[in-house]
Amino acid sequence: MKKVKHQQMKPFDLLSEELVFIILDLISPNPSDLKSFSLTCKFFYQVEAKHRRSLKPLRSDYLPRILSRYRNTSDLDLTFCPRVTDYSLSVVGCLSGPTLHSLDLSRSASFSAAGLLRLAVKCANLVEIDLSNATEMRDADAAVLAEARSLQRLKLGRCKMLTDMGIGCIAVGCKRLSTVSLKWCVGVGDLGVALLAVKCCDIRSLDLSYLPITGKCLHDILKLQHLEELLIEGCFGVDDDSLKSLTHDSKSLKKLNASSCQNLTHRGLTSLLSGAGCLQTLDLAHCSSVISLDFASSLKKVSALQSIRLDGCSVTSDGLKAIGTLCSSLKEVSLSKCVTVTDEGLSSLVMKLKDLRKLDITCCRKLSGVSITQIANSCPVLVSLKMESCSLVSREAFWLIGQKCRLLEELDLTDNEIDDEGLKSISSCLSLTSLKLGICLNITDKGPSYVGTCCSNLRELDLYRSVGITDIGISSIAQGCIHLETINISYCQDITDKSLVSLSKCTLLQTFEGRGCPNITSQGLAAIAVRCKRLAKLDLKKCPSINDSGLLALAHFSQNLKQINVSDTAVTDVGLISLANIGCLQNIAVVNSSGLSPSGVAAALLGCGGLRKAKLHASLRTFLPLSLIHHLEARGCAFLWKDNTLQAELDPKYWKLQLEDVVP
């Protein structure tokens, strides 16, 4: 008798496709995990292809193969592909036409109206396209977008050749538009914007920043029944006279950005805000008018305001007091670089804002501990406080922040007088995710040890030029803050490889800035490369002990690296060329590295196919073939030539004193 062969059941056969989809949802944030999963077996390979909806290819050459596999692609991001031809767009239309909803071409070039037309016709369900930075796009190219009848979100930032005619064609064909960005489209004026407002009645978000428009077109814009967000930043033509006769009842408007409108005073603003009773966010940064009592009175109609930004404005104490009285529901206030702000003005503001969540007083150099005391006592639910360069604030005031503002998640204390005792108190803020302590010369290893012990949710730490920090402090951070994603230890000259080995335990690390640390070597860098697989940004400028062995480790292990600076290091041609193995590398800086030759640099640049920016020493410009430079520029790489020479670093304390003499 023949023996019956029993087929052995594979463990994965018991999993349904829906269950595998749930697993893929959980691991999708990590590309390496997703890749490993798909290579486990044929079934997982097939299911992963069905599941994926978003793609971000490194090269446009890969599109036919990638889109043939991932036939359900709905979101396609081509920002890594500087050269996208009409053929590439045809491939996208043919292979992903029915399913494609979103396409990002904001960093791409080399396509024409013919390619856009094929895309618009084939992708009937396309609802979003980003064509920002298409500086050569003209009205004829824009007109073909009118064929994309389903389009709802359109970005045309910096398309400087477009005129009212091109925008008019889009407005007539794409009547479903809800989000439009025309920022820096300097050829578009009142006529084009008015056509857009008349034809596209469903617009909810409109960005007209830096357009040569006047208040004339705002009459039509503010009639839009669904408009929620309007940005007119840098529109110098919008002034009091053009808004004098403006009357509107824009109940849907929630966000208005009128920053850098130099000819807009409180009279024009009063007209602009008169019918915007539901406004929640107002941006008036870098406004030429003084924020006084008269100016603040224009806010009477927007008493429900939740966020206001006055960065760089001249602000009076009476003005701040009036804002606090008229807009007591404010949750976010930004006064960055408002050099006239005083303790009296800020205190009168924050004492009225019991529900304040975010406050930015960066470079408000007249503020002292009086303001910090009032903030701490009045704002118990504060989650973000930025107070860089508030140098008059005493050390004792920082202790109060930790005691009263326990819900803080973001704290910027750059260039302040905080010491270890202040950090001990601040470590009581258990929800802290971002802490910036750059140029804080009074802290030692003891301060970070408190943070490492208590703030386990910390994601970002900046210790730039905080020269009292050594390996002991970094070890405490690495041990307690295992979710750390960004760290800056630049110019902390006592840092050695021990710190890098400690930080390698933070496997989620994405950004490491360690320039000016002479005791860091390739051995420490290798430890980071091996364990921190998500590393995307690396700055090792002026680390003379970094050599080829460190870059070889990066080339092998750091496949997510996008930006690297190895200027003033011991790197040679061998190490630089090895970086070509990193497919997603976009930015590279290598200046004043004596071990490099023109031929080695040329080979490295050619090998890095996705390179978008290269910073090189000016002397190399005469040695690199002009044809090579033109070829790389055609591929989308921009060159920045530097002729600076290596300079000795000043002592941080002396450097800080010099800065204080220069800045008022």
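Ala614 stands opposite Phe639 in β24. Strand β23 (residues 613-617) and β24 pair in the parallel sense over five bridges. The model is a predicted one.

- Strand β24 covers residues 638-642, and its side chains alternate along the strand.
- Phe639 and Trp641 point to one face and are buried.

**Helices α2 and α3**

- Two packed helices are described by the angle and the distance between their axes.
- Helix α2 (residues 31-38) packs with helix α3 (residues 42-51) at an angle of about 130°. Their axes are 7 Å apart.
- α2 is therefore oblique to α3.
- From α2, the residues that meet α3 are Leu34, Phe37 and Ser38. Their partners in α3 are Phe44, Tyr45 and Glu48.
- This contact of α2 with α3 divides into four nonpolar residues, one polar and one charged.

**Helices α8 and α9**

- Helix α8 (residues 164-173) and helix α9 (residues 190-199) have axes that come within 8 Å. The axes cross at roughly 5°.
- That angle is under 35 degrees, so α8 counts as roughly parallel to α9.
- On the α8 side, Asp164, Ile167, Gly168, Ala171 and Val172 make the meeting. On the α9 side stand Leu191, Gly192, Leu195, Leu196 and Lys199.
- By class, the contact of α8 with α9 has six nonpolar, two polar and two charged residues.

**Helices α14 and α15**

- Helix α14 spans residues 317-326 and helix α15 spans residues 343-350. They pack at an angle of about 5°, and their axes are 7 Å apart.
- α14 and α15 are therefore roughly parallel to each other.
- α14 brings Ser317, Leu320, Lys321, Ile323 and Gly324 to the contact. α15 brings Glu344, Gly345, Leu346, Ser348 and Leu349.
- The residues of this contact of α14 with α15 divide into four nonpolar, four polar and two charged.

**Helices with buried residues**

- An α-helix has 3.6 residues a turn, so residues three or four places apart point the same way.
- In helix α16 (residues 369-378), the buried residues include Gly369, Ser371 and Ile372. Ile375, Ala376 and Ser378 are also buried.
- The buried residues of α16 pack against α15, β13 (358-360) and α17 (395-404).
- Helix α23 covers residues 548-557. Asp548, Gly550, Leu551, Ala553, Leu554 and Ala555 are buried there.
- Among the elements that cover the buried residues of α23 are α22 (522-531) and β20 (537-539). The cover also includes β21 (563-565) and α24 (573-578).

**Nonpolar cores**

- The largest nonpolar core holds 196 residues. Leu156, Ile221, Leu230 and Phe512 touch the most other members.
- Beyond its neighbours within four places in sequence, Ile221 is in contact with Val193, Ala197, Leu206, Leu208, Leu227 and Leu230.
- A second, separate core has six residues. Leu24, Leu34, Phe37 and Phe44 are among them.
- Leu34 and Phe37 of α2 and Phe44 of α3 also take part in the meeting of those two helices.

**Leu218: buried or exposed?**

- Leu218 has 0% relative accessibility, so it counts as buried.
- Its place is in helix α10 (residues 218-221).
- Leu218 touches Leu230, Ile232, Val238, Leu243, Leu246 and Leu272, not counting residues up to four places away in sequence.
- Leu218 and Thr486 are 268 residues apart in sequence. In space they are 43 Å apart, C-alpha to C-alpha.

**Two partly exposed residues**

- Ala304 lies in the loop between α13 (293-296) and β11 (307-309).
- Its relative accessibility is 37%, so Ala304 counts as partly exposed.
- Ala304 is in contact with Gly277, Leu279 and Ser329, leaving aside its neighbours within four places in sequence.
- Ala304 and Lys331 are 27 residues apart in sequence. Their C-alpha atoms are 10 Å apart in space.
- Lys446 sits in helix α19 (residues 446-454).
- Relative accessibility is 47% at Lys446, so this residue counts as partly exposed.
- Lys446 and Leu616 are 170 residues apart along the chain. Their C-alpha atoms are separated by 40 Å.

Definitions and conventions: Residues are numbered from 1 along each chain as its sequence is written. This is a predicted model: local features need pLDDT of at least 70, side-chain atom pairs count only at pLDDT 80 or more; totals for chains, interfaces and linings use all residues. Side-chain values use heavy atoms; hydrogens and water are left out. Helices (H or I, at least four residues) and strands (E, at least two) are DSSP runs, numbered from the N terminus. Buried means under 20% relative accessible area, exposed over 50%, partly exposed in between (1.4 Å probe, protein chains only). Contact means heavy atoms within 4.5 Å. Axes are lines fitted to C-alpha atoms, for helices over the stretch in contact, and angles run from 0 to 180 degrees between N-to-C directions. Angles under 35 degrees count as roughly parallel, over 145 as roughly antiparallel, 65 to 115 as roughly perpendicular and the rest as oblique. Ala, Val, Leu, Ile, Met, Phe, Trp, Tyr, Cys and Pro count as nonpolar, Asp, Glu, Lys and Arg as charged, and the others, Gly among them, as polar. A nonpolar core is a set of buried Ala, Val, Leu, Ile, Met, Phe, Trp, Tyr and Cys residues joined through side-chain atoms within 4.5 Å. Two strands pair if DSSP finds at least two bridges between them.
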